[in-house]
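Hi everyone, thanks for coming. Let me put the structure up on the screen so that we can walk through it together.

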Amino acid sequence: MRRPLLSSLVLAIPLAASLGCGAAETSVVTGGKKDGGTAAGGDGGTASTCLPMPELCDGLDNDCDGVADDGFDADGDGYSVCVEDCNDNDPTSHPFAVEVLDSRDNDCDGKVDNRISGVDSDGDGYQYGTPTNGLPPDCNDDEAFVGPAAIEVTGDNTDNNCNGQVDEPVGACDANVALSTTAPGDFARAAEICSGVSSSSFGGVSSTEPRAVRERFGNSWVPKAGSRFFMLSTGRARDGNEGNSPQNGTDFYATGASPSDGSSVNDLSVLTLTLKVPSNAQSFSFDFAFFSAEFPEFVGTQFNDRFVAVLTSQALPAKFNAAACAVASESGCRSGNISFDGNGKEVSVNNNYFVVCQGQAPCNPSLFGQLAGTGFEAQDPNGRPKGGGSGWLTTKAPVKPGETIKLQFAVYDVADGIYDSAVLVDNFRWEAQSVQGPTTSPIN
């Protein structure tokens, strides 16, 4: 029973020896005996003979001269091609060399002239390791998507924004926004647009009444992020608990132009933001909820108030490019409006997401209680509810990293100035994931 085992051992000895000293044991003594062999002063182990062979880049001493991987360092810089010397004809190029601006890969990391203090080799606008013109230094000059102008991407184990932290949560910036503010930049912060705002302005009705920063709307509507959101209205930006009656409505007798198609509208309330897209952002999203007192009386009529979010971006598909659209329609050209339902309908009482109401489809009667305290739960003399809302929705849209975009949030009356409508906007976030085109969907 032992003969097969002995035969295997006998066969294994010349096989191991034929691979050179390094294959059988890493240390060799004079005469080809292994350290630990009985010959040449060994310590009692079994002796075997080292059989030299041509040296290979394998970490072993194949030719039995006592040095592994020798003969592969042609430029004598101490680094062989076996340990990733990227240029064995240049002693100044090897792993751990200092990269200098000379159009060569000095440190053998596969990139030329990168990570040099004071140089912006990745083209993200920030110099590596050196604050310049008041700008913070870039912590990674290998990737344009990593730098002070980037957003943090949770879960990728990278300090994307060069703040010294990895995968830190993105915080809100609305805690110190006063509820009484009238500054458009504060409205952006109330919706978590915390940086990159190049300009901000209001348009439409000159009164401050159609807009407000709020911490609650009615009894149930609270911020989706942080402690604030902003509200735009065709009437007063208040709720029923504050005595506001959108069913009767407030007419400001003001006309304006729709940001999406330029048509004449009434009681326009619009916030316009110019934003610098982070260097690694390929899309953004925001949450909103739309309310209207025009339900159910004016469903399908000309009296359909609107909420639109109009985007100007290089990343938008052609049909969303306002300059390419002569006439806007709900099924065709969008003129930059990126918020609509799955059937392409703009956000109005005709929208398929208008479900927080009671009556005809698509109302969900179980959600009607969410209108308590908003003013949009009013009833007619026969006890029939008049008004409703969409519930929280999310719009996503593509952008190009590093570009400057214009984003307009607007509500307006159509054909008259009464029967008010309103929108809540919150939880804006830049995202590294790309999207094919604008989409809007309910938040479960």
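I'll talk about one asparagine and then about some aromatic rings.

A quick note first: this is a predicted model, where local features need pLDDT of at least 70, side-chain atom pairs count only at pLDDT 80 or more, and totals for chains, interfaces and linings use all residues. Residues are numbered from 1 along each chain as its sequence is written, and side-chain values use heavy atoms, leaving out hydrogens and water.

Let's start with N114. Is N114 buried or exposed? With a relative accessible area of 1%, N114 is buried (buried means under 20% relative accessible area, exposed over 50%, partly exposed in between, with a 1.4 Å probe and protein chains only).

Now the rings. There are 20 aromatic pairs in the structure (rings of Phe, Tyr and Trp, its six-membered ring, with centres within 6.5 Å; planes under 30 degrees apart count as stacked, over 60 as edge-to-face and the rest as tilted). Take F187 and F230: their ring centres are 6.0 Å apart and their planes meet at 45°, so this pair is tilted. Both of these residues are buried. Another pair, F290 with F354, is edge-to-face, with 6.3 Å between centres and 65° between planes. F290 is buried at 0% relative accessible area, and F354 is buried too, at 1%.
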